[in-house]
Every structure is written in C-alpha cells, then in structure tokens.
Amino acid sequence: MYIDGVFSGGGIKGFALVGALQAIEEKGFIFRRLAGTSAGSMICAFIAAGYTSEEMIKMMNEVDFATFLDQRVSFLPSALTKWLFLYWKLGLYKGDRFETWIAENLQMRGIATFGDLPPHSLRIIASDLTNSKMVVLPDDLPKYGIDPSRFPVAKAVRMSCSIPYFFEPVKLKTTPVSIIVDGGVLSNFPIFLFDDEHRLKKRPVIGIKLSPSEAERERNHIKNAVGLFTALFETMKDAHDARHISKRHERNIIFLPVNSVLATEFSLTDEQKDELISFGKNKALEFLKKWCY
C-alpha cells in the first residue's frame, strides 16, 4: 500500500526513525511522497533514493559519526580557535564531511540532484535567517534564481541539518548572500505540507516524530538564563508545528520520545544505536497495530 511520510528532526536520535521505518516496511507500506527536517530529511532522502531500513543501518554503522565534526585547521590554541571560528564562521564545525557522505551514498543509487527524483517526491525544510523565512526545498529554489532540477539533494540535507552554532550555516550565493540553517528552527515536523483540508488526500499520511505527544509533553521549568534559552529554542522549534498537530493528525503520528541521548551526541556506542533502533521499531509496531487509515 502506498503512503506519504513525514520525518521529524532530532539529530543523532534519528536512529530511532530508522527503527520505525523497519516496522513500516514490514507492514508492506511504500512511500510515494516524503517530507523531512534535519535528521528526518536525511532519512527521507535515502528512502527516496531507494534505500531500505536495513541498508541504512548498515551504512550508518559503517561510518564514525564523530568524523562529521570537521574543524578548521589552525595553529592557534584549540579553545581560542573554537571561539574565533564560532564568531567568524558562525559554527564550530564545517559540515563538509557530512555533506560528502550523504552525496556519496545517494550517488550510489544514481541520485545527485532533485532532477534525478520523481517530481514532488521529496521536500526538505530549511531556515533562511537572512530573509527571516522558512524554505521548502526544492519548491522555493526558483525564488532564489536557482534551478531545482540542478540543485544537489545532499546540499539540501546539509542545509536542513545545520544546527545553529554547531555546524556552519550554508551560504546560498544570492544577492545578498542568504544564510541557511537547520530547518528545525522554524518547522521540525513539516506535516503541514500534506495538510489541505479543502482537498481529498490521495493516500494516507504517516508521521514519525522524535518527541512526545502534546498530552505527554513536560512543561518547561525556567529558573535561570540557561533554562530560558532552552525553553526559547524549544518553543521556537515546536510552536509552528503544534498548530498543525490536532487530534485529527495525532492518530497518524508515531511519537518517539527519545530522552536517553542528546541530538548532538555523535559518539554513540553500538549498543546505544541498537537501543534507539529497537525503541523506534517497537513504538512503531505498537502504533501500527491500532492505526486506522
């Protein structure tokens, strides 16, 4: 049976998304259209390229994610270098190695640009800080004077995964240059892309979200400046999507409240990876037993 899918962001927690994908595949569902943010955009790109969950797990187990933390070379003391690059380059790590890894694996399936994919089969969310707006890739590229069919899918994934201050932003060479960061800043779960109350859905939509449902979400406890910043970022990340997740949508969403690791914990052990995959798969299997589509 054909379905459409939405995959949320969540950094390294994305291993749980692959576990949920395993369960979905075992039930015989096949994705026709996909939308994702950050880690979800990477999973969506691989699905669109024809990778199965098992192939993704093998691929992700073969790479050391710590190598994606590519710092710039400098002869200055390490701590000072980090602060200088954070100030001038706007991120601790370049993100080049991550993009190269994505590109190489997509190329193995004959995918380089959005022109190599069926039209409307993949949409990725990023955030344009220069123009203060959300960017849906590849749909919005013509507004920047860019031909969508020639834009690299790996570049779009990198844009969507560029966690502010952690990875350097991607600079689109427009006039002026547009600074693009993680899509999760504005929409971490873009289910709104498949939400049109005035049009009958062509097929069921299933979402996989790396957070608890609204009813299970804990309130933010703000006692100091650090708590304020954390609550500010969480609100900024989730408020837009929360308006689109009504009771009507919740019944189509697999919630994966991963609390055991941080989104930027790139040094996971094999055991932690397996635990995340199992957690995602078990939660998805529970959901699919009751899902009425």
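Student: Which residue in strand 4 is the bridge partner of Gly36?

Tutor: In strand 4, Gly36 is partnered by Ile124. The model is a predicted one, in which local features need pLDDT of at least 70 and side-chain atom pairs count only at pLDDT 80 or more, while totals for chains, interfaces and linings use all residues. Numbering runs from 1 along each chain as its sequence is written, and side-chain values use heavy atoms, with hydrogens and water left out.

Student: What makes strand 2 and strand 4 a pair?

Tutor: Two strands pair if DSSP finds at least two bridges between them. Strand 2 and strand 4 (residues 122-128) are joined by four bridges in the parallel sense, so they meet the criterion.

Student: How many bridges join strand 1 to strand 2?

Tutor: Six bridges connect strand 1 (residues 2-7) with strand 2 (residues 30-37), and the two run parallel. Within this pairing, Phe7 stands opposite Gly36. From strand 1 the chain passes through helix 1 (residues 15-26) to strand 2 in a right-handed β-α-β crossover; that is, with the strands pointing away from the viewer, the path from the first strand over the helix to the second runs clockwise.

Student: Why is helix 1 described as largely enclosed?

Tutor: Buried means under 20% relative accessible area (exposed is over 50%, partly exposed in between; 1.4 Å probe, protein chains only). Ten of the twelve residues of helix 1 are buried, so the rest of the structure largely encloses it. Among them are Phe15, Leu17, Leu21 and Ile24.

Student: What makes strand 9 largely enclosed?

Tutor: Five of the five residues of strand 9 (residues 205-209) are buried, so that strand is largely enclosed by the rest of the structure. Val205, Gly207 and Lys209 are buried on one side, and Ile206 and Ile208 on the other. In a regular strand the side chains alternate between the two faces of the sheet. Ile206 is the bridge partner of Gly5, while Ile208 stands opposite Ile254.

Student: Why is Phe65 called buried?

Tutor: Phe65 has a relative accessible area of 6%, so it counts as buried. This residue lies in the loop between helix 3 (53-61) and helix 4 (78-89). Phe65 and Phe98 are 33 residues apart in sequence, and their C-alpha atoms are 8.6 Å apart.

Student: How many disulfides does the structure hold?

Tutor: A disulfide is a pair of cysteine sulfur atoms within 2.5 Å, and the structure holds zero. Cys44, at 0% relative accessibility, is therefore buried. Cys161, at 10% relative accessible area, is buried.
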